[in-house]
Amino acid sequence: MNQIDMDNPLLDRIQRVALVAGVVALATCGFGAFSSPTQFFRSYLVGFLFWLGIALGSFALLVLHHMFGAGWGFVIQRALESGTRTFLFLAALFVPLLFGLHDLCEWTHPEVVAADALLRHKSAYLNVPFFVGRAVVYFLVWAGAAYLFTKWSERLDETGDPRLALRMRNASAPGLLVYGLTATFASVDWIMSLEPHWFSTMFGLIFIGGQVLATLAFVIVAMLLAERKPMSEVARPTHFHDLGNLLLAFVMIWAYVSFAQFLIIWSGNQPETITWYMRRINGGWQWLALALTGLNFALPFLLLLSRSTKRRARMLALVAVLIL
């Protein structure tokens, strides 16, 4: 019996536990939807965006890998490809949110729009048919692009045709551009529009940075399989070191753009923008903001400065779990 066969009972046990947890969580969601629909849809949106972010971040890292061909990319390529093939499933999970638009978004209330000059001005963009149409386009673009890259990768493995590698490399830059545009518009539609009077030109970049950061953390945790075959035959401490450096870089990028947005808005002190932060530094939310600053930036930043942390799979995975 080889190592892979020995690992199957462990994987089966993990799957069974995950199935039970999923059933319990689904029942809890049903109870929440019945008892408090508005809070249910808010919580559902948070969970949906978390997992969507990992799928989108997987696509971003995948096209970066094909663009530059770095060694770390080959080690996590299959995990990234698997992450990108979940878009159709995520599109199905997005459907319940359409039934909660009235609970989530004030711009879906005609009487509110009629009484607000700014919402009337934005109504050409913020209306339900156009909102749904944009969401359909986003998922079609993401699923289509992911299918092409994974299909070309599969054919490259089967045939070894170098033209396929060149095709993926040439398509990477346009793919990255499409990802940036669609992810930015999605962040405006699904998050910023919850407070339609507030705006920030940096919000899309924060959204994208968070997606890539979460995906890096997720694949590093998945890389714990490197201690078992066949992953142990290809993963090396240098690969973990490279992934740790990338994780550190995106921790700093996320923190930089988040603080830059805060600094610009706070120093401007304009009523239409400052209220977004005022709601988040009062009523107990300030403790969550401080925890986010410490656990998603300060502590990971200090830990990832250590070379030994980045070259040890278990230590690096602990940092990644903290970030997630």
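1. Ground rules. Residues are numbered from 1 along each chain as its sequence is written, and side-chain values use heavy atoms, with hydrogens and water left out. In this predicted model, local features need pLDDT of at least 70 and side-chain atom pairs count only at pLDDT 80 or more, while totals for chains, interfaces and linings use all residues.

2. Helix 13. This helix covers residues 285–304, 20 residues in total. Helices are DSSP runs (H or I, at least four residues), numbered from the N terminus. Helix 13 reaches 27 Å from its first C-alpha to its last, close to the expected 28 Å. The expected span is 1.5 Å times one less than the number of residues. At glycine 294, helix 13 bends by about 35 degrees. That bend is the angle between axes fitted to the seven residues ending there and the seven starting there.

3. Buried side of helix 13. Its buried residues are Asn296, Pro300 and Leu304. Buried means under 20% relative accessible area (1.4 Å probe, protein chains only). Their cover includes helix 10 (203–222), helix 11 (237–268), helix 14 (307–311) and helix 15 (313–323).

4. The largest pocket holds about 2,500 Å³ of space. Of its 50 lining residues, the closest to its centre are Ile191, Trp276, Arg280, Leu288 and Leu292. Helix 13 gives the most to this lining, with 11 residues. On a 1 Å grid over the protein atoms alone, a pocket is an open set of points with protein on both sides within 12 Å along at least five of seven lines; a cavity is a set where a 1.4 Å probe fits but cannot get out; lining residues have an atom within 4 Å of a point. The pocket lining divides into 33 nonpolar, 11 polar and 6 charged residues.

5. The cavity. There is 1 cavity of 30 Å³ or more. The largest cavity has a volume of about 70 Å³. Its lining has 10 nonpolar, no polar and 1 charged residues. Among the lining residues are Phe94, Cys105, Asp189 and Trp190. Helix 4 gives the most, with 3 residues.

6. Serine 58. Not counting residues up to four places away in sequence, serine 58 touches Leu80, Gly83, Thr84 and Thr215. Contact means heavy atoms within 4.5 Å.

Notes:
Helices (H or I, at least four residues) and strands (E, at least two) are DSSP runs, numbered from the N terminus. Buried means under 20% relative accessible area, exposed over 50%, partly exposed in between (1.4 Å probe, protein chains only). Grid points are joined across faces, edges and corners, and a volume is the space filled by probe spheres set on the points. Ala, Val, Leu, Ile, Met, Phe, Trp, Tyr, Cys and Pro count as nonpolar, Asp, Glu, Lys and Arg as charged, and the others, Gly among them, as polar.
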